[in-house]
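Dear colleague,

I am passing on the structure we spoke about, and I would be grateful if you could look through it with the notes below at hand.

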Amino acid sequence: MSEQNCAQCEVSLVGDARFCHRCGRSTRRLPQVERRWCSVLFADVRNFTTLCEGMDPEIVQHLMNTLFGRLGALVESHGGSVDKIIGDAIMALFGVPKASGDDAESAVRCGLAIHSVCAAVAEELGLGLQMRVGINTGEVIAGSLGRASEYTVIGDMVNVAARLESASKPGQVLVGSATAQQVRQRYELTPVGELHLKGRAAPEAAFLVLGESKGGREPAGNALPMVGREEQFETLLNLHRQEGCASAILTSEPGGGRGRVAHALSEALKTGFTLTLESHADPHPGELPLRLLSKLAVGVDAPHVLAADLQNWLGEGSAALTILDHLSSEEPWDEAQAMWQFVIDHEQFPSLLIVDEAQRLDARSSSWLRAFLEWRGQGLVLLNAQQDELLRERLGEALGSTTATIDLPALNQAQVKQWLAAALGTVEDQLAQRFHETSGGNPSHMNELLRVWRNEQVIHQDHEVWLLDVDRIAEVQVPGSLRELMQARIDALPRTPRYLLQRCAAVGRVFWQPVAVEIAIGDEEEVLAALSYLVKNAWLEQFVDPQLPKTTAYRFRGTMISEVASRMLPLSLRRNIHGKVAAWLEESSAELSTGLRLVLARHMMLARSEEDASALYEKLASEALLDGDAGSAAEALAQAAHGAMGSRRASLQLDRAELLWLRSAQVDEAAAALRNLLTISNLPLALQLRANCVLAQVELEAGRPGQASRSLAEAEARTEEIHDAVVLAYIRLTRAEIDQLRGGWQRAEQVLDMLCQGDGLADWAVQQVEILRARRLVHDGDAFGAVVVLQAAARNMGGDASHRLELLVEQVRCALEAHYIEGAEQAMAQAEQLLEPAASLWFEIKVGLLASLVQHEKHDARASKAQFEKALTAADEAGMKRIAWEALVWRLNRSVERGEEGCDLLASAILERSTGPWTQTGRALAMAVSSLAERDLDLAREAERLASLPGPAIWRRTALTALASIGALFDVELQRRSQRLALALRTEGS
């Protein structure tokens, strides 16, 4: 035997010593200390002291050895491990040191079985033994804790598990809320209320396990159409149709949808048995044929069957006994074909045989499978397994070269969007993209993630479209069931790729090769080999990072993978890794972009968690805005808010929302951020009112004046409580704009008059008053007068580029309404000069749309069509529905006046976007054009009704002109009414 030294003090150890005789360190090579999601089970004997009173110590020893020997074997057969036995209690772990993917369910299954084992031991020994069981699930620190300790776990959730066991009654299994959440599909539970557990300040929710659900667990997502598996499904159908008995291996990563495909195949063929091999217990010799016979004879998937039951099913006693005798022997299967023919030829024998957990097949079952494939004349044997190579290695000759391998890859983004559409309905692209990034396209992950996002309101429906609340994502943790699945996948990796994956995950979803070498265990050659392994097995993908194009970059295929892998590391190790990444970035010879400076700031903050990095992020946000990078600025403000507290945090969140709107043109995301901000309790009044006003403005931009009015009403209800002139001016200006948009021009004028009566109105407020009054002039038919007002305001207006841009944009719109093309061109030229210093995509989109309309005035429709459609698409993607709708109506109006082609298409686009009363004049114009194109008199009469209501005179006149044309064809009275109203509008305008 070679000499062994202690890893701690290097003293020579004695023989097979488990601990060092000098320092006490364990000599076993234990897994690294990790944070893990697991389930802990406690069970103890009821009234053990009373039971053993007067009992001989050797009898007590025999009792304990018998009971806990069987309980230990029971725990291990369910995939758990015995942590310790203390007196009359046992503590078992599920999910550490290795996860299986269904550890919470395994713990509950074991907990129920404990009572059966206890009853059996009690009957054997003639004692009144009863046990109590408590189970809890959550995060723990796992590892060799203390110099001389064995592998164990510590954490608050362990204490709760022990208290649940103490609170349970004999024969019961009590579980905590996290366990209940994970096992709810498999087990029947009933809440027992909130228990005031010993040593706990707050009560804990507890649930009593009644037993396994009668129907078992449905394969996830069976109610939804199967997406992204059509080709593989068709291949399996073809294999089933061909002559002879075919065999196929269906592979995927855990949660990849093998069960879903197999279930759909069985449903389509109206036949099939699914046999599930035990995932934890040692394989039973001949388990596969035994399970098949049990399923056929009594309809139960079990590794045993009674001869009487098999005889009744076969109707042939001798064959049943011979088959069972042959299964328990080692005789070649060729000699048993005649006996098995009774089974195979039976009318109830399925043509589809599905074997789940096929990698668990024992040698006897494997050889039976090879013989069965030769005996069976028709059908398909489908083997479900994670890895094709492992299964082929285990089964050897049982699988010939003709066995097909069908892999189920992760779903791509388009398939994920299709899946979401089937589950929800219409979804925005941003939601589909983020859902794909987070889930990695894994069907099981997708089902659980969708459930969590709906429950936690990460997604919400608006006008029949599902939208994403980006701010809520950071607040929602990965659900425990997914942590179990991913931990199981990570635990199955070889040692070096596993440790490297965890360390790189701590860096973030994106990392670089030199960083991996710096933070990993092992030399560069070993690290590069591990990275190659992780890429090959679809954990990572290599790409070119535009910020560091000369450095090899990697990213995780799913954000949940990186999050779970990172959280497995202790905080101290994560801080150390962040420090190394920050040092590498600082020492990098390349000049850091704004994005990389944000990355550096993040790692510096996480490496030195005691420091508040908010000020640093605020500085970076300012620098990003100077660079014209609104996206990085918004991200920096989000990070700054995360590190701040109280009103400063709320103020930073509001700044970020305004930046998302005014700079990044992310209207819906800005609205979601503002709604989230307004849910904060104890929000300072000034911030609350300002946030309500900004939200109202954003809702106006999104074409939702009704919601804008409701948001503003919340601020208006509290105006008497505040004396901040800036906030009050903002409230009144927003109210006037909402009233104008909804047709309340007189009310808007009254609000503006009241606002202007006060002294010391700020320059920006004066500017907004002039803009709103210019809009009133346009509404009254004096578009040229509006241009004059705005030109005078621009001459007197200082301020930054954004304020001047707003005036110029409004000036271009009014000049177009007045057909004052020279004035529109002049204002457009000035606006385009200010776009770069303003660094605002919001203004860029507005200017782009108006520029296309100016081009339309100067040239024919075809010359400006491409430019208009590009700008319109950008506005749609940004959620800027109001400006997009106004541009469409303006272009339709001019196209009708000029008699251009394509008016009917523009009209259709307008009608699709017209969702409220504020769009009624544009709808009148679009309906008039459509009624003329389609010769639809009913539509024309509805258009006439809308055209008679207040609205911009220029659009109403064009609508009435079109209506007079259709009236001349079908309804003379309609023609006369339209002409009279059009004449009245012209007279009023002149």
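Which residue in β13 does Ile249 stand opposite? Before turning to that, please keep in mind that this is a predicted model. Ile249 stands opposite Thr405 in β13, and the pairing belongs to strand β9 (residues 244-251), which runs parallel to β13 and is joined to it by 4 bridges.

These two strands are part of an open sheet of 5 strands, ordered β10-β11-β12-β9-β13 and paired in the parallel sense. Its edges are formed by β10 (273-276) and β13 (404-407), each of which pairs on one side only, and the twist from one strand to the next averages 20°. Helix α6 (residues 230-241) lies across β9, β11 (352-356), β12 (378-385) and β13, and its direction makes an angle of about 140° with β12.

A second open sheet has 3 strands in the order β17-β19-β18, here with antiparallel pairing. The strands at the edges, pairing on one side only, are β17 (510-512) and β18 (540-544), and neighbouring strands are turned against each other by 35° on average, direction ignored. Between β17 and strand β19 (residues 552-556), which run antiparallel, there are 3 bridges, and Trp512 has Ala553 in β19 as its bridge partner. Of its 14 residues, 10 are buried, so β4 is largely enclosed by the rest of the structure. Strand β1 (residues 34-45) pairs with β4 in the antiparallel sense over 12 bridges, and there Val45 has Met131 in β4 as its bridge partner. Strand β5 (residues 151-154) also runs antiparallel to β4, joined by 4 bridges, with Gly143 partnered by Thr152 in β5. Strand β6 (residues 173-176), by contrast, runs parallel to β4 and is joined to it by 3 bridges, and in this pairing Ile135 stands opposite Val175 in β6.

Turning to helix packing, the axes of α29 (residues 685-701) and α31 (residues 725-741) come within 10 Å and cross at roughly 25°. That angle is under 35 degrees, which means that α29 counts as roughly parallel to α31. The crossing of α29 past α31 is left-handed. On the α29 side the contact involves Ala686, Leu689, Cys693, Val694, Ala696, Gln697 and Leu700, which meet Val727, Tyr730, Ile731, Thr734, Glu737, Ile738 and Leu741 in α31. Sorted by class, this contact comprises 11 nonpolar, 2 polar and 1 charged residues.

Is Glu944 buried or exposed? Its relative accessible area is 13%, and Glu944 is therefore buried, the cut-off being under 20%. Leaving aside residues up to four places away in sequence, Glu944 touches Leu963, Leu974 and Arg977.

For the chain as a whole, the secondary structure comes to 44 helices and 19 strands, and buried residues make up 53% of the 990 residues. Among contacts between residues at least 6 apart in sequence, 66% join residues at least 24 apart.

With best regards

Key
Residues are numbered from 1 along each chain as its sequence is written. This is a predicted model: local features need pLDDT of at least 70, side-chain atom pairs count only at pLDDT 80 or more; totals for chains, interfaces and linings use all residues. Side-chain values use heavy atoms; hydrogens and water are left out. Axes are lines fitted to C-alpha atoms, for helices over the stretch in contact, and angles run from 0 to 180 degrees between N-to-C directions. Angles under 35 degrees count as roughly parallel, over 145 as roughly antiparallel, 65 to 115 as roughly perpendicular and the rest as oblique. A crossing is left-handed if the near helix is turned anticlockwise from the far one by less than a right angle, and right-handed if clockwise. Contact means heavy atoms within 4.5 Å. Ala, Val, Leu, Ile, Met, Phe, Trp, Tyr, Cys and Pro count as nonpolar, Asp, Glu, Lys and Arg as charged, and the others, Gly among them, as polar. Two strands pair if DSSP finds at least two bridges between them. Buried means under 20% relative accessible area, exposed over 50%, partly exposed in between (1.4 Å probe, protein chains only).
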